[in-house]
Amino acid sequence: MKKKLLYLILLFCSLTLVTACSEKTNSWQAIKERKTLVIGIDDSFVPMDFREKNGTLVGFDVDLAKAACKKLGLKAEFQPIDWDMKETELRNGTIDVIWNGYTKTRARAKKESFTQPYLKNKQILITRQNEHISNYQAMKGKVLGLQTGSSGADDYEQYPKVLKNRVKETVQYDNYNDAFLDLKAGRINGLLIDSVYGDYYLKHSRNGEEFQKNTLPYPSEEFAIGVSKQDKTLTKKLNWALNELKKDGTINKLEKKWFN
């Protein structure tokens, strides 16, 4: 009797697990039925996803996501999240995708799937002109700013000979806005940042001439959409949409709009 009961319990658990995995694998059906794709973003990441003074959400990824969702017959719903918790949000199902200048890395690919890349990026070092830090080697004994959970923070740890073994200490930030305030005030000497953000800031900020950028020997990066590993159908649908937007010139137009 005990063996039979144990068998029934194990069978029930197995069926429950299979059902849960099936539901997750077929989440495209649920997304299609509600006609909405929930997109996890950092709404302070210029120029990918950020707020205008009136609170309107704009940016390259905002435009691209809306265009892709239109191709798929969906509405894009943008959900601001704690960037350091992005993988947890995706795993828990509170968001459908991570789409916010999200760099595809080996470490991240172990946790989730990625669509095909749609934009290139790299890490740069920004310092104040009056510090006369002409290259990353001059950061020896200095204080460096990093965004928590960023690909730059990953590079900092993975390639210690570049900056980690040189700087005196680091300061972690939730977003680059706060980091730039501290950089301008002299509380940090340099900021490790995505080139898409750094270049845009230097070009459009009233104080852009106060800073300079330095190249770093980190590998180049590619932005892609992060998707749960089980969501194979959703990944395929997004890849199809990205291909269509590439073929019809939409991605090229958006690059000119935001980066030209």
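Helix α3 is followed by Gly 73, whose phi is positive, near 75 degrees. The model described here is predicted. Helix α3 itself covers residues 60–72. At 1.5 Å a residue, its 13 residues should span 18 Å, and the end C-alpha atoms are 18 Å apart, which agrees. The buried residues of α3 are Phe 60, Asp 61, Val 62, Leu 64, Ala 65, Ala 67, Ala 68, Cys 69 and Leu 72. Burial here means under 20% relative accessible area.

A positive phi also occurs just after helix α2, where Lys 35 takes a value of about 60 degrees. Helix α2 runs through residues 27–34, and its buried residues are Ser 27, Trp 28 and Ile 31. Seen down the axis of α2, these buried residues fall within an arc of 105 degrees, so they line one face of the helix. An α-helix has 3.6 residues a turn, so residues three or four places apart point the same way.

Strand pairing was examined next. An open sheet is formed by 3 strands in the order β2-β3-β4, with antiparallel pairing. Its edge strands are β2 (44–45) and β4 (57–58), each of which pairs on one side only. Between β3 and β4, the antiparallel pairing extends over 2 bridges. Phe 50 stands opposite Val 58 of β4.

Strand β12 takes part in pairings of both senses, antiparallel with β9 and parallel with β10. In β12 (residues 190–194), 5 of the 5 residues are buried, so the strand is largely enclosed by the rest of the structure. Strand β9 (residues 123–128) is joined to β12 by 5 bridges. Here Ile 124 has Ile 193 as its bridge partner in β12. Strand β10 (residues 143–147) pairs with β12 over 2 bridges. Gly 145 stands opposite Leu 191 of β12.

Empty space was then searched for. Rolling a probe the size of a water molecule over the atoms shows where such space is left. Across the whole structure, the search finds 1 cavity of 30 Å³ or more. The largest cavity holds about 100 Å³ of space. It is lined by 13 residues, and the closest to its centre are Phe 45, Trp 83, Gly 101, Gln 147 and Asp 194. By class, its lining has 4 nonpolar, 6 polar and 3 charged residues.

The largest pocket has a volume of about 440 Å³. Its lining comprises 16 residues, with Val 46, Asn 177, Tyr 197, Tyr 201 and Ser 205 the closest to its centre. The elements that give two or more residues to this lining are β3 (49–51), α7 (176–185) and α8 (195–204). The residues of the lining divide into 7 nonpolar, 5 polar and 4 charged.

The second largest pocket holds about 350 Å³ of space. Of the 14 residues that line this pocket, Lys 104, Thr 105, Arg 106, Asp 155 and Gln 158 lie nearest its centre. Two or more residues of the lining come from each of α5 (106–109), α6 (151–158) and β14 (221–223). Helix α6 gives the largest share, 4 residues. By class, the lining of the second largest pocket has 3 nonpolar, 5 polar and 6 charged residues.

Technical notes:
Residues numbered from 1 in each chain as written. Predicted model: local features only at pLDDT ≥ 70, side-chain atom pairs only at ≥ 80, totals over all residues. Heavy atoms only, no water. 1 Å grid on protein atoms, 1.4 Å probe; cavity = no way out; pocket = protein on both sides within 12 Å on 5 of 7 lines; lining within 4 Å. Points joined across faces, edges and corners; volume = space filled by probe spheres on them. Nonpolar A, V, L, I, M, F, W, Y, C, P; charged D, E, K, R; others polar. Buried < 20%, exposed > 50% of the residue type's maximum accessible area, 1.4 Å probe, protein only. Arc of directions from axis to C-beta. Pairing = 2+ DSSP bridges. Expected span 1.5 Å × (residues − 1).
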